[in-house]
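The structure comes first, then the notes by topic.

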Amino acid sequence: MSDYIITSTEMSETLRHTFRGIKFMRMQEVNGKECYIYKVYLGSSKMNTKEFSELLDECIKLASEVGVEYEEYYAD
């Protein structure tokens, strides 16, 4: 799961500690100040049940598109 954040230039280190991954996208001027736009990735350990379920559904969909077989298995 990812999102975009626009922030002041000095916040990159804070983002690195907050999110699983960050990717610098571009610099943008906002109200006369230089800001950075980042794509940030939330690690699965920080996801709620709904978000994690959506992640799994997307993984299953992508796997089936490339021919990976999927079988549900529930341990007793």
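Ser12 is buried in this predicted model: its relative accessible area is 18%, which is under the 20% cut-off for that class. A search of the whole structure for aromatic pairs returns three, and ring pairs join Phe24, Tyr36 and Tyr38 into a cluster.

**Ser12 and its contacts**
- Ser12 belongs to helix H1, which covers residues 12–18.
- Leaving aside residues up to four places away in sequence, Ser12 touches Ile22 and Tyr38.
- Tyr38, one of these contacts, is itself buried, with a relative accessible area of 4%.

**The pair Phe24 and Tyr36**
- Among the three aromatic pairs found is the one between Phe24 and Tyr36, an edge-to-face arrangement with 5.0 Å centre to centre and 85 degrees between the planes.
- Phe24 is in strand S2 (residues 21–30) and Tyr36 is in strand S3 (residues 33–41), so this pair ties together parts that are twelve residues apart in sequence.
- Phe24 is partly exposed at a relative accessible area of 43%.
- Tyr36 is also partly exposed, at 22%, because the buried class requires a value under 20%.

**The pair Tyr36 and Tyr38**
- Tyr36 also pairs with Tyr38, again edge-to-face, at 6.2 Å centre to centre and with 80 degrees between the planes.
- The ring centres of Tyr36 and Tyr38 are 6.2 Å apart, so they meet the pairing criterion of centres within 6.5 Å.

Terms used
Residues are numbered from 1 along each chain as its sequence is written. This is a predicted model: local features need pLDDT of at least 70, side-chain atom pairs count only at pLDDT 80 or more; totals for chains, interfaces and linings use all residues. Side-chain values use heavy atoms; hydrogens and water are left out. Rings of Phe, Tyr and Trp (its six-membered ring) pair if their centres lie within 6.5 Å; planes under 30 degrees apart count as stacked, over 60 as edge-to-face and the rest as tilted. Helices (H or I, at least four residues) and strands (E, at least two) are DSSP runs, numbered from the N terminus. Buried means under 20% relative accessible area, exposed over 50%, partly exposed in between (1.4 Å probe, protein chains only). Contact means heavy atoms within 4.5 Å.
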